[in-house]
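Please keep the sequence and the model in view while following the text.

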Amino acid sequence: MLTDHFGFRPAGSTQCCLINMLHHVTAMFENCDYVRCLMIDFSRAFDVVDHPVLLTKLSQLDLPQCIRNWIVSFLVSRSQSVKTDCLFSFQLHIKRGIVQGSGVGLTFYIVMEGGLRTFSHSNIVFKYANDTDLLVSAYSDVSLLSEFEHVN
């Protein structure tokens, strides 16, 4: 699962990601005239994680039932309100987002984007934290726009 993700793990770094990307760009240049690279920054990526989608992806992993139950209790029935001076707003239920300061937030994010793959086997995706890079060779059977729409 982590072969294309270089962030949030001990063996990952920006240097490892860049070296791997450079290797693949060089290999693609050996077979074609140009390579297109699309660099995507998912701003506020942790804030838009859909809890039902995350729970579905987690259910597909080989986790003990007690861990799944703990994760459900961690994500479900959370609420928030805003305080201004001495006044509080109504509490609203949180159905999206991952608590970034939590010990499991990074792992949840990796699980969320773990299934992100390119349409074409000749194209390559690299992930580092909330950044995703796509490499599409000149002779790819899938266009850069199609790959971007798929990621989006």
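Helix 3 spans residues 65–75 and contains both Trp 70 and Phe 74, which are four residues apart, or about one turn of the helix. The model in which they are placed is a predicted one.

How many aromatic pairs does the structure hold? There is one, and it is formed by Trp 70 and Phe 74. In general, two values describe a pair of aromatic rings, namely the distance of the centres and the angle of the planes. For Trp 70 and Phe 74 these are 5.4 Å centre to centre and 15° between the planes, and the pair is stacked. The angle qualifies as stacked because planes under 30 degrees apart are counted in that class.

Are the two partners buried or exposed? Phe 74 has a relative accessibility of 18% and therefore counts as buried, the cut-off being under 20%. Trp 70 has a relative accessibility of 43%, so this residue counts as partly exposed.

Attention may now turn to the strands. Strand 7, residues 131–137, is mostly covered, with six of its seven residues buried. Which strands are joined to strand 7? Strand 1, residues 35–41, runs antiparallel to strand 7 and is joined to it by seven bridges; within this pairing, Met 39 has Asp 133 of strand 7 as its bridge partner. Strand 6, residues 124–128, is also antiparallel to strand 7, and five bridges join the two. Here Val 125 has Leu 134 in strand 7 as its bridge partner.

Technical notes
Residues are numbered from 1 along each chain as its sequence is written. This is a predicted model: local features need pLDDT of at least 70, side-chain atom pairs count only at pLDDT 80 or more; totals for chains, interfaces and linings use all residues. Side-chain values use heavy atoms; hydrogens and water are left out. Buried means under 20% relative accessible area, exposed over 50%, partly exposed in between (1.4 Å probe, protein chains only). Two strands pair if DSSP finds at least two bridges between them. Rings of Phe, Tyr and Trp (its six-membered ring) pair if their centres lie within 6.5 Å; planes under 30 degrees apart count as stacked, over 60 as edge-to-face and the rest as tilted.
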